[in-house]
Amino acid sequence: MRSQGILVGLAVSACVLAGCSSDSSVPESPARPSEAPASANYVALGDSAASGPRIPNQVGAPGCQQSDANYPHVLAEDLAVGSFVDVTCSGAVTENIVSTPQGTSSGEVPLQLDAVTPETDLVTVTIGGNDIGLVSTAVQCLTFADTSATNVCKDRLTAGGVDTVAAAIADKAPSWGAMLDAVSERAPDARILVVGYGTYLPSGGCFPTQPMLPEDADYIQGSITAMNEALRTQANEHGAEFVDTEPSSVGHDVCVAPDQRYFEGVVPQNPAAPLHPTAAGMAAIADTVASAVRAG
């Protein structure tokens, strides 16, 4: 029965990655203001790491699997912003922000960039995971084998001396910078925060609690860190700011007790999608972003 549950979890992970619906509902950028004003007009952009699939209560376009407890909603309330628009959508890639409307199982949604206007003061964006196939790559590394002699995902992904995930990050990174330029062009006075991905896995993982071998767990989390560093570089080079959520999520990974998790495992113990933030995780991300906003 546990094996069946894990397989169901993997199917849900793949569905979330694809943006399936759930029944539950180059010029230099100008300097940013040091603080978001109390009456800030806030727009949230991004993928499922921001939208909060399966976290109650689901709101907005059903195909986007957006929660009213995701970090943008929590942040908007914490900062008491003047206006708030959340267009985060599960399955989104960078092109869905700037150039290609996103198709979901509940219909097409507009470009996320359309929500940004000259009056926008604050923008958060979490994007990149789907660009490099992060969840699908992690799913490929799940295994019931208990020995590295028969299954090491890292070896397959780095065969021939080519790290395929690192190559994908290098390939996609320029598009992240171009996206930030597009946001800045729409809202030249806005403060733009690129919110990174967290610490999903501890060192060595926790096989068999989460069915990934130690070498592979370290490779996947290392790839997340590498993606975050590329996002940080693009933010720094394109007039935005990077908010690092890895440190604040250490000890709250998929391996700890369910009530301590900021991210769910392959068989969720909290109402959240597999391999995605929990409600507690979203609250923690919002707190980290709010601290960055207030610090200026």
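**The loop and its surroundings**

Modeller: Gln210 is found in the loop between β8 and α8. Helices (H or I, at least four residues) and strands (E, at least two) are DSSP runs, numbered from the N terminus. The model is predicted, with local features reported at pLDDT of at least 70, side-chain atom pairs at 80 or more, and totals for chains, interfaces and linings over all residues. Residue numbers run from 1 along each chain as its sequence is written, and side-chain values use heavy atoms, without hydrogens or water.

Start with Gln210. What is its relative accessible area, and is it buried or exposed? The value is 8%, so Gln210 is buried. Buried means under 20%, exposed over 50%, and partly exposed in between, with a 1.4 Å probe and protein chains only. Gln210 touches Val254, Cys255, Arg261, Gly265 and Val266, leaving aside residues up to four places away in sequence. Contact here means heavy atoms within 4.5 Å. Leu142 is 68 residues from Gln210 in sequence, yet their C-alpha atoms are 8.1 Å apart.

Pro208 sits in the loop between β8 and α8 too. The peptide bond from Phe207 to Pro208 is cis, with omega near 5 degrees. Another cis bond runs from Pro56 to Asn57, with omega near -5 degrees. Asn57 belongs to the loop between α2 and β2 (58–59).

Next, the aromatic rings. The whole structure holds 2 aromatic pairs. Rings of Phe, Tyr and Trp (its six-membered ring) pair if their centres lie within 6.5 Å; planes under 30 degrees apart are stacked, over 60 edge-to-face, the rest tilted. Tyr42 and Phe84 form a stacked pair, at 5.2 Å centre to centre and 25 degrees between the planes. Tyr42 is in strand β1 (residues 41–46) and Phe84 in strand β4 (residues 83–86), so this pair links distant parts of the chain, 42 residues apart. Tyr42 is buried at 1% relative accessible area. Phe84 is partly exposed at 27%.

The other pair brings us back to the loop. Tyr200 and Phe263 are stacked, because their ring centres are 4.1 Å apart and their planes are at 25 degrees. Tyr200 lies in the loop between β8 (191–195) and α8 (214–237). Phe263 lies in the loop between α9 (246–249) and α10 (279–295), so the pair ties together parts that are 63 residues apart in sequence. Both partners are shielded: Tyr200 is buried at 10% relative accessibility, and Phe263 is buried at 3%.

The largest cavity has a volume of about 290 Å³. Its lining comprises 22 residues, and Leu134, Val135, Ala138, Tyr200 and Leu275 are the closest to its centre. On a 1 Å grid over the protein atoms alone, a cavity is a set of points where a 1.4 Å probe fits but cannot get out; lining residues have an atom within 4 Å of a point. Points join across faces, edges and corners, and the volume is the space filled by probe spheres set on them.

Which elements supply at least two residues each to this lining? They are α2 (48–51), α5 (134–140) and α8. With 3 residues, α5 gives the most. The lining of the largest cavity counts 15 nonpolar, 6 polar and 1 charged residue. Ala, Val, Leu, Ile, Met, Phe, Trp, Tyr, Cys and Pro are nonpolar, Asp, Glu, Lys and Arg charged, and the others, Gly among them, polar.

The second largest cavity holds about 50 Å³. Tyr200 and Phe263 both line this second cavity, and the lining also includes Val195, Gly196, Tyr197 and Gly198. By class, 8 are nonpolar and 3 polar, with no charged residues.

Now the wider chain. It has 10 helices and 9 strands. Of its 296 residues, 52% are buried.

Some local backbone details lie elsewhere. Gln65 has a positive phi of about 50 degrees although it is not a glycine. Gln65 lies in the loop between β2 and β3 (66–67) and is buried at 2% relative accessibility. Ala80 also has a positive phi, near 50 degrees, and sits in the loop between α3 (71–79) and β4.

Finally, helix α10 contains Arg294. Arg294 is partly exposed at 48% relative accessible area. Arg294 touches Asp78 and Leu79, again not counting residues up to four places away in sequence. Arg294 and Leu79 are 215 residues apart along the chain, with 9.0 Å between their C-alpha atoms.

How values were computed:
On a 1 Å grid over the protein atoms alone, a cavity is a set of points where a 1.4 Å probe fits but cannot get out, and a pocket is an open set with protein on both sides within 12 Å along at least five of seven lines; lining residues have an atom within 4 Å of a point.
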